[in-house]
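My notes follow in the order I looked things up.

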Amino acid sequence: MEFTLTEKQKMLKKITRQFAEEFIVPVARESDEKQELDDTVYQKMKEMNYFGACIPEEYGGAGLHNDTIGFGIVIEEISRADAAWGITIAVHNGVAAYPIYKYGTEDQKQEFLIDLAKGNKVGAFCLTEPNAGSDAAGVRLTAVKDGDEYVLNGTKIFATSGGIAGTLLVVAKTGEKDSRKQMTVFLVDSKTPGYSVGVKEDKMGVRASNTSELVFQDVRVPEENILGGAGEGFKMAMKILDFGRIGIAAQCVGLGQAALEASIKYANERVQFNQPIGRFQAIQWKIADMAIAIESARLFTYKAAYLHDKGEQFGMASSMAKLTASEAAMQAAHGAVQIHGGYGLMKAYPVERYFRDAKMGEIYEGTSEIQRLVIANNLLRKGA
Amino acid sequence: MKIFVCVKQVPGVSEIKIDPKTNTLVREGVESVINPNDRNAIELALTLKEKHGAEVLVLSMGPPQAEEILRESIAMGADKGFLLTDRAFAGADTLATSYTLSLAIKKILKESDPEEKYLVICGAQAIDGDTGQVPPELAEELGIPQIAYVLSIELNEDKIVAERKFRAVEIVVIETKLPALISVLNDINKPRYPSMAGILKAHDNSKITYYNAQDLNADEAKIGLNGSSTEVWKIFAPERKGNRVILRGTLEEIVQQLCQNLKDDKIL
Ligand SMILES: Cc1cc2nc3c(=O)[nH]c(=O)nc-3n(C[C@H](O)[C@H](O)[C@H](O)COP(=O)(O)OP(=O)(O)OC[C@H]3O[C@@H](n4cnc5c(N)ncnc54)[C@H](O)[C@@H]3O)c2cc1C
């Protein structure tokens with residue numbers, strides 16, 4: 001077992017941190033207020049290849065497809081600066097670009113992947129519907145075969161980057177029966193007639209990340225745009241989310257790290273009763289507990305990434321990582337606001353934003369309850 | 001054309017710690033970075049390469065860990081890295097350092113095309129030693145013209161025209177022929193970040209060439225501590241005085257807070 005990062009990973013961490021501190025941190029608050037990602041940052045992120053982080057160079061990416069720990073490190077450092085950028089890059093790579101690389105045909109890669117990897121287009125993964133949240137098999141958006149095309153009708157909600165996406169991975173029902181064997185994933189270009197963006201959600205956290213409703217009215221998609229095979233959609237979606245959760249876990253670790261660092265700094269600076277509040281045991285224990293939670297989550301995340309790269313089963317590990325990391329981030333953000341006292345509630349301090357952002361991690365890409373369900377089912381199925 | 005860029009690894013902190021017993025910098029737990037002016041030098045080399053075509057070769061003399069900054073330079077876009085490392089180089093002052101660097105440059109030229117024109121670019125000074133002596137000494141060792149504290153440069157065939165900062169307020173325009181050496185200030189450009197693909201390439205597909213004293217046929221009396229004509233008597237970190245507070249927020253919030261703090265301290 002090896003616990004040190006490679007030289008390459010160390011440099012990815014260092015450079016991404018410098019980059020994020022110079023370009024992302026200064027505009028994070030404004031982006032949160034405007035509910036929009038900063039366009040200058042977007043262009044810089046493109047130049048840095050962050051949109052193609054885990055895609056091979058031959059498809060326009062940076063080449064971390066075999067180094068998911070490195071990918072996690074990049075997401076972590078971006079999220080340490082702004083969790084909204086973290087989720088944007090994590091989702092774009094993890095559940096849009098990477099699945100096309102992994103499961104797509106060569107034609108699909110040429111048509112969709114290269115633009116995603118280069119950041120010319122943003123990708124979105126569209127599973128959730130008003131009546132299909134945790135119960136992913138409850139999808140009602142239909143895809144009906146007509147000649148060599150499918151016609152999509154229905155509505156998706158809560159799609160990360162939905163409103164700004166050029167390429168969508170849409171999970172649709174392709175059969176009459178309400179069964180997991182009747183679902184299919186389609187690659188849809190946002191320019192396809194009949195497709196439109198509905199409500200853009202106004203939300204509590206990761207506000208700069210676009211979360212949108214997407215409407216499909218007789219959207220015709222050629223058969224060749226099926227990702228992974230007709231009827232394979234449910235399995236495909238679950239596999240996509242297994243990998244995606246590593247990115248979400250890394251996003252939460254970065255956010256938690258930011259909350260921890262802000263707390264340490266403030267505890268050393270803020271003087272009450274003639275001493276820095278960091279001298280009080282009540283504050284010390286909070287900081288210690290935050291650090292323990294974040295470091296555990298980081299190790300979990302790296303382990304899930306490691307298993308993925310070794311070609312081993314990593315679904316349960318990524319669920320554990322996502323659960324641990326989202327709860328660690330929440331704990332850290334909660335502690336950070338408490339340590340900052342009244343100032344922690346003020347917009348002038350970033351911990352106020354961290355607190356709102358952290359709550360999101362416990363919901364998206366499967367709630368904490370669903371993660372526990374997945375983990376328990378895995379264990380019980382295997383037996384003791 | 002070859003462009004040589006000389007870079008140095010320095011501690012990446014504004015606040016340095018010094019071991020009072022050994023008079024040396026405490027390096028444990030301190031991140032190392034490319035000396036800031038040297039990043040400007042790399043950036044200039046890369047923009048010249050993009051415009052005129054050139055091979056950018058980055059050199060550093062230092063401990064084996066300095067390989068990291070060469071990889072970072074390659075990640076930014078440099079073609080090759082050369083690390084001059086040997087116990088015998090340790091303790092070198094600027095004179096011994098520039099001698100050693102000059103040997104490496106001569107060796108590289110000799111082994112490729114000795115007639116090829118070249119330019120050497122250095123950062124004007126390093127944030128640790130802050131002497132600014134290596135670039136001029138290196139030019140002397142190489143026997144080539146030099147322009148220090150360069151703010152901008154035009155390259156035209158084998159001629160360069162550079163604007164040079166002079167006595168803080170004046171700018172002097174100097175023309176010279178290649179080969180030549182220039183040293184640059186941070187106003188000259190804004191160094192790029194290495195892209196992720198650059199970082200991966202720098203680690204997966206690039207080799208760093210190592211030179212020791214023997215490879216360079218170095219004169220033992222002119223390298224390392226032996227070759228140094230200066231001796232450090234004492235080194236100390238400037239004392240930090242008073243409590244600093246950093247205010248955060250929008251401009252209005254900062255001003256409000258500042259006024260409040262001044263009131264609290266009974267200054268206003
Ligand atoms: C910011 C944001 C971004 C998102 N991005 C995307 C995206 O890009 N693509 C996408 O498809 N979706 C996305 N989602 C949707 C997200 O994945 C769902 O919100 C989430 O899976 C929960 O579904 P739901 O909201 O319908 O809650 P519900 O499923 O209705 O859950 C309500 C509560 O019941 C609990 N619950 C439900 N079932 C069980 C059970 N069997 N056992 C125990 N408890 C249970 C849940 O844990 C939760 O506490 C996003 C959501 C948000 C908030």
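I started with the contacts: 22 residues of chain B touch 25 residues of chain A, where contact means heavy atoms within 4.5 Å. This is a predicted model, in which local features need pLDDT of at least 70, side-chain atom pairs count only at pLDDT 80 or more, and totals for chains, interfaces and linings use all residues. Residues are numbered from 1 along each chain as its sequence is written, chains are lettered from A and ligands numbered from 1 in the order in which they are written, and side-chain values use heavy atoms, with hydrogens and water left out.

Next I looked up the area. Chains B and A bury about 2200 Å² between them, 61% of it on carbon and sulfur atoms. Buried area is the accessible area (1.4 Å probe) that two parts lose on being put together, summed over both.

Then the charges. I count 5 salt bridges between the two chains, each a side-chain nitrogen of Lys or Arg within 4 Å of a carboxyl oxygen of Asp or Glu. One of them joins B:Glu72 to A:Lys14 at 2.9 Å, N to O.

Which elements of chain B give two or more residues to this side? They are strand 5 (32-34), helix 2 (67-76), helix 5 (196-204) and helix 6 (251-264). Helices (H or I, at least four residues) and strands (E, at least two) are DSSP runs, numbered from the N terminus. Helix 5 of chain B gives the largest share, 6 residues. By class I noted 8 nonpolar, 6 polar and 8 charged residues on chain B's side. Ala, Val, Leu, Ile, Met, Phe, Trp, Tyr, Cys and Pro count as nonpolar, Asp, Glu, Lys and Arg as charged, and the others, Gly among them, as polar.

I turned to the sheet. Chain B has an open sheet of 9 strands in the order 11-10-9-12-8-1-6-7-13, with mixed pairing. Two strands pair if DSSP finds at least two bridges between them. Strand 11 (170-177) and strand 13 (208-211) of chain B each have a single partner strand, so one side of each lacks a neighbour in the sheet.

Last, one pair. Strand 6 (residues 55-61) and strand 7 (residues 80-84) of chain B run parallel over 5 bridges. There, B:Met61 has B:Leu84 as its bridge partner.
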